[in-house]
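Here is a short report on one structure, written for a reader who is new to it. Keep the model in view while reading.

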Amino acid sequence: MEKNSIYTSGDSAVRVLAVKEDRLLVIDCVKLTMPRWVTKESLDGYDPYKEGSAGYGSCKERLAGYKPCTEEELQELTGAAFPEMDSLDAECRKRIRERFTMVAGILPFVGVEAERSKAIALASEQWGVSKQTVRSYLCRYLAYRDIRAFAPHKRADKPGLTRDQKNMRWALNKYFYNYKKNSLMTAYTLLLKEKYCDGEGNLIPGYPSFYQFRYFYRKTKNIQNYLISRNGLKDYQRNSRPLTGGGIQEFAPHVGVGMLDATVCDIYLVDDAGKLIGRPILTACIDAYSGLCEGYFLSWEGGVYSLRGLFLNVVRDKAELCLSHGIQIKTAEWDCSGAIPAVLVTDRGSEYISQTVEQITELGVTIINLPSFRAELKSPVEKFFDLVQESYKPYLKGKGVVEPDYRERGAHDYRKDACLTMAQFEQVLLHCIYYYNSKRIMENYPYTDAMLAAGIAPHASDIWNFGLAQEGCNRIPVSPRELTLTLLPRAEGKFTRYGFKVNGLRYHHEDYAEKYLAGGTATAAYNPEDVSYIWLMENGAYVRFTLVEGRFEGLGLTGVRQLRDQQKALVKAVSEDTLKAKVALAAQIEAVAHAASSADTDVKGVRKVRQRERDRRHLDYVKEGGINA
């Protein structure tokens, strides 16, 4: 008999762990009891592990009627099936190694009972498990001599839900996980009402208690489902979702991704006479890569109008802009003129999804409209508003700045504190933006190796200047004129003999005589503030047409409509009198015609008759005017 050989007899199987002269150290591979020493001599009908048999518990015990078998036959006999190590997940492989390490220190003392017991006790204390657990792991390994025997057993499938548990799950889904945000007690009450009451409204015996209901809720609670079902998907995405992305640089890996938004400033302003106007609107474009403010527009009017002003500010020379407000800066501190971002990220505000803004794509710009209520997807521009307003608020308190309590009952009326004009506030705002771009430290910016090697200062302007020189910088050069014409509203015009008609007005260009005669339609850009000119869009170019009707020169489209409406009102006011006069005219003409003779007219000698009548009705105007008198 050799070490590690296996022998079976009926439903019993043993493995030889050690051979010493005429004795064998064996372990029962079926019962998985601790190893014992037995003799090599055979004895018919003898079971060395059966209590009460001859020599039970002594080292003279012997094997009887056993025959050799293979590892595969042993596993088939015991019902063991070991998976391949490569097929196991990392957690299972970890557990296998830990359990083997637990028993590895006991293996040298398997044949010496006293030493083995001490080693088991030491392993139990070291690993924080019971001695029986250590014995179980040891016997399992000795029986199969394969560390795969330590693989955790798969748990049996969970039993199905009971009737009460199904009812509780139904109540939670219907009354708790919804926008009404009912309490757990309310959901439990409605559960009893719907599922555990008879026709008369009495509770049926055997209904679950509230504690059972609460336990089932806590056991099955899913935090994601809880937040989405009670607060909505958009609130979850904005305020609760796991933030596992790589930050904004994952979305904008280079200069050229601009994020647009607008906000109402937290300050009241007055006009030059000191009368209250209200709170201005600030529209901004922030580069997502560097955080630099590429441009802003401060106005009393939002919508598409503010976007036109914003884009013109983006392409404007910022050093010149600051100088016009009495602020001197270096060009390198705000160097973003002459071009616009190739990608614009906006929300779904009406002005951002309008046809006018979509026209900017003709310059090669890509517009990305984010889902509604997802402000966190354009966090750079949202943070810009916060930082800029927090920069001036502490120093303008008592001068119209709005505090958080302005909507509460009894709060101070901050409108009465207003004292700054729009020009003064814009000067303050420019100082804040200059600090935001060139002096604010960006502590958590994800620096690259190239930035660190170049020693780029942690300021938005320095990171911007570095990004401009990198491959992938995506900005589109554009002139203010081209940008303005691109963003003008458009209308379809019609060529007629009377000119090119757009918005009900006629326009002319001397080179389009053939078009007037041939007719047809074309698209034209117009300025709603002044109808004196329009621009025909032809083959990507803008051709200027002048207004034919001079009475509308210098008026806006609204002014033209008002004049026409006034004219229509005047016409409508006298239309009834005109109709009455027309009826009276018809009656008078008929009366005169009725008095005339209806006999046949003599048509002979017409020339003589005509000459005679001319002489009779001829007047001497000098004599009639009394000049010779």
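## Ser229 and its surroundings

Start at Ser229. Leaving aside neighbours within four places in sequence, Ser229 is in contact with Tyr177, Asn178 and Tyr179. Contact means heavy atoms within 4.5 Å. Ser229 lies in helix α8, residues 223-231. Helices (H or I, at least four residues) and strands (E, at least two) are DSSP runs, numbered from the N terminus.

Ser229 is buried, with a relative accessible area of 19%. Buried means under 20% relative accessible area, exposed means over 50%, and partly exposed lies in between (1.4 Å probe, protein chains only). The Ser229 side chain also reaches the backbone oxygen of Asn225, at 2.7 Å. That is a polar contact: a pair of N or O atoms within 3.5 Å, where, within protein, one must be able to donate a hydrogen and the other to accept it, and residues adjacent in sequence count only if both atoms are side-chain atoms.

## About the model

This is a predicted model, in which local features need pLDDT of at least 70, side-chain atom pairs count only at pLDDT 80 or more, and totals for chains, interfaces and linings use all residues. Residues are numbered from 1 along each chain as its sequence is written, and side-chain values use heavy atoms, with hydrogens and water left out.

## The nonpolar cores

A nonpolar core is a set of buried Ala, Val, Leu, Ile, Met, Phe, Trp, Tyr and Cys residues joined through side-chain atoms within 4.5 Å. The largest one has 50 residues. Ile267, Leu282, Tyr296, Leu298, Trp334 and Phe384 touch the most other members. At least two residues each come from β6 (257-264), β9, β10, α12 (318-324), β12 (343-346), α14, α15 and α17. Helix α15 gives the largest share, 8 residues. A second, separate core holds 24 residues, among them Trp37, Ile120, Val134 and Tyr137.

Now take Leu298. Neighbours within four places in sequence aside, its contacts are Cys265, Pro280, Ile281, Leu282, Met422, Phe425, Glu426 and Leu429.

## Helix α17

Helix α17 spans residues 460-468. Its buried residues are Ala460, Ser461, Ile463, Trp464, Phe466 and Gly467. What covers them? The cover includes strands β9 (281-287), β10 (293-299) and β14 (475-477), with helices α15 (422-438) and α16 (449-454).

## Aromatic rings

The structure holds 22 aromatic pairs. Rings of Phe, Tyr and Trp (its six-membered ring) pair if their centres lie within 6.5 Å; planes under 30 degrees apart count as stacked, over 60 as edge-to-face and the rest as tilted. The rings of Tyr289 and Tyr445 have centres 6.4 Å apart and planes at 85°, so this pair is edge-to-face. Tyr289 sits in the loop between β9 and β10, and Tyr445 in the loop between α15 and α16, so the pair ties together parts 156 residues apart in sequence. Tyr289 and Tyr445 are both buried.

Phe384 and Tyr436 also pair edge-to-face, because their ring centres are 5.0 Å apart and their planes stand at 80°. Phe384 lies in helix α14 (residues 379-392) and Tyr436 in helix α15, so this pair links parts 52 residues apart in sequence. Both are buried. Elsewhere, Phe495, Phe500, Tyr512, Tyr516 and Phe545 form one aromatic cluster.

Charges meet rings too. Lys195 lies over the face of Trp170, 4.5 Å from the ring centre. The charged end of Arg544 sits over the ring of Tyr533, 3.4 Å from its centre. A charge sits over a ring if NZ of Lys or CZ of Arg is within 6 Å of the ring centre and within 35 degrees of the ring normal.

## Cysteines

How many disulfides does the structure hold? There are 0. A disulfide is a pair of cysteine sulfur atoms within 2.5 Å. The closest cysteine sulfur to that of Cys419 is in Cys432, 15 Å away, too far for a bond. For Cys432, the closest is in Cys265, at 10 Å, again too far. Cys419 is partly exposed at 38% relative accessibility, while Cys432 is buried at 8%.

## Positive phi angles

Arg145 is not a glycine, yet has a positive phi of about 50°. Arg145 lies in the loop between α4 (131-144) and α5 (163-176). Lys181 has a positive phi near 55°. Its place is the loop between α5 and α6 (184-195). Arg145 is partly exposed at 31% relative accessible area, and Lys181 is partly exposed at 44%.
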